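Dear colleague,

Please read them alongside the coordinates.

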Amino acid sequence: MATFYDTHAHLDFPDYANDLADVIARAQAAGIAKMISIGTSLSSSERAIRLAEKYPCVYAAVGWHPSEAMKAPADLRPALREFARHPKVVAIGEIGLDYHHLPSSQGGSTEDDARYKQRQAEIFQQQMEVAVEAGLNCIIHQRDAFDDTLAQLTPFAGKIRGVFHCFGENADRMKQVLDIGSLVSFTGIVTFKNGQNVRNTVAATPLGQFMLETDCPYLAPVPYRGKRCEPAYVKEISETVAQVKGCSADELSVVTCKTAAEFFRKLDA
Ligand SMILES: [Zn+2]
């Protein structure tokens with residue numbers, strides 16, 4: 001059976017509170033050998049580390065999500081530096097910029113928007129600094145903020161790499177990401193009927209420059225669309241991606257696992 005990794009899962013979310021052991025067992029049975037639980041706050045990051053300590057196949061990423069920027073402590077660096085030393089913390093993330101729900105869309109002012117964007121940029125910067133110090137790469141979240149995210153990451157190119165997770169942009173933007181030494185990763189959206197634009201980007205992305213993820217509990221692939229997603233469904237994602245790339249499941253397995261092991265170096269330790 002071809003082996004894959006789920007490089008972006010929110011295993012600490014309450015969605016799995018009652019059956020996480022079963023969820024992980026189903027993933028292993030489906031050939032999903034390793035999964036990375038992603039932090040969205042300090043408490044979520046700590047939960048991800050606890051899960052990594054409990055389950056040999058689970059690893060952790062630690063970080064503060066941009067949508068929660070206004071709730072972040074003034075300086076995230078001391079806590080993240082501590083977390084980053086853990087042997088199973090493989091990346092800083094998810095971090096980045098998200099302009100999808102700006103305060104002005106919910107009754108706020110344009111000044112509120114500016115403050116929100118400013119605070120997102122500050123914590124993004126702090127977290128990339130920790131990544132450099134810790135020698136870890138970053139899991140990048142961006143929504144409706146591609147240009148600003150790329151611009152803020154670019155000065156760090158050569159010191160750290162990012163993976164633009166849940167990539168849904170066109171091939172030109174994919175090339176901009178690869179040009180600064182970063183990567184992209186694809187979710188179950190590749191299986192959606194209306195996912196042709198993402199399949200086009202997959203087709204244009206060279207093997208060795210992308211990874212696979214679920215972003216569970218969100219974005220369950222066909223035929224589970226609309227249900228709770230889980231790491232086992234990387235199998236369905238891999239089948240569509242192999243079809244689009246015109247390669248075998250085994251070939252895709254070898255190349256995506258190698259890409260992940262190089263990007264998340266502590267994944268193979
Ligand atoms: Zn996520």
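A pocket, as the word is used here, is an open set of points on a 1 Å grid over the protein atoms alone, with protein on both sides within 12 Å along at least five of seven lines, whereas a cavity is a set where a 1.4 Å probe fits but cannot get out, and lining residues have an atom within 4 Å of a point. Grid points are joined across faces, edges and corners, and a volume is the space filled by probe spheres set on the points.

This is a predicted model, in which local features need pLDDT of at least 70 and side-chain atom pairs count only at pLDDT 80 or more, while totals for chains, interfaces and linings use all residues. Residues are numbered from 1 along each chain as its sequence is written, and side-chain values use heavy atoms, without hydrogens or water.

The largest pocket has a volume of about 820 Å³, and among its 31 lining residues Asp 98, His 141, Gln 142, Arg 143 and Asp 215 lie nearest its centre. Strand β5 gives the most to this lining, with four residues (strands are DSSP E runs of at least two residues, helices H or I runs of at least four, numbered from the N terminus).

The largest cavity holds about 30 Å³ of space and is lined by Phe 4, Tyr 5, Thr 7, Met 211, Leu 212, Thr 256 and Cys 257, with β1 supplying the largest share, three residues.

Finally, Ala 121, Phe 124, Gln 125 and Met 128 in α4 meet Thr 149, Gln 152 and Leu 153 in α5, where contact means heavy atoms within 4.5 Å.

Best regards
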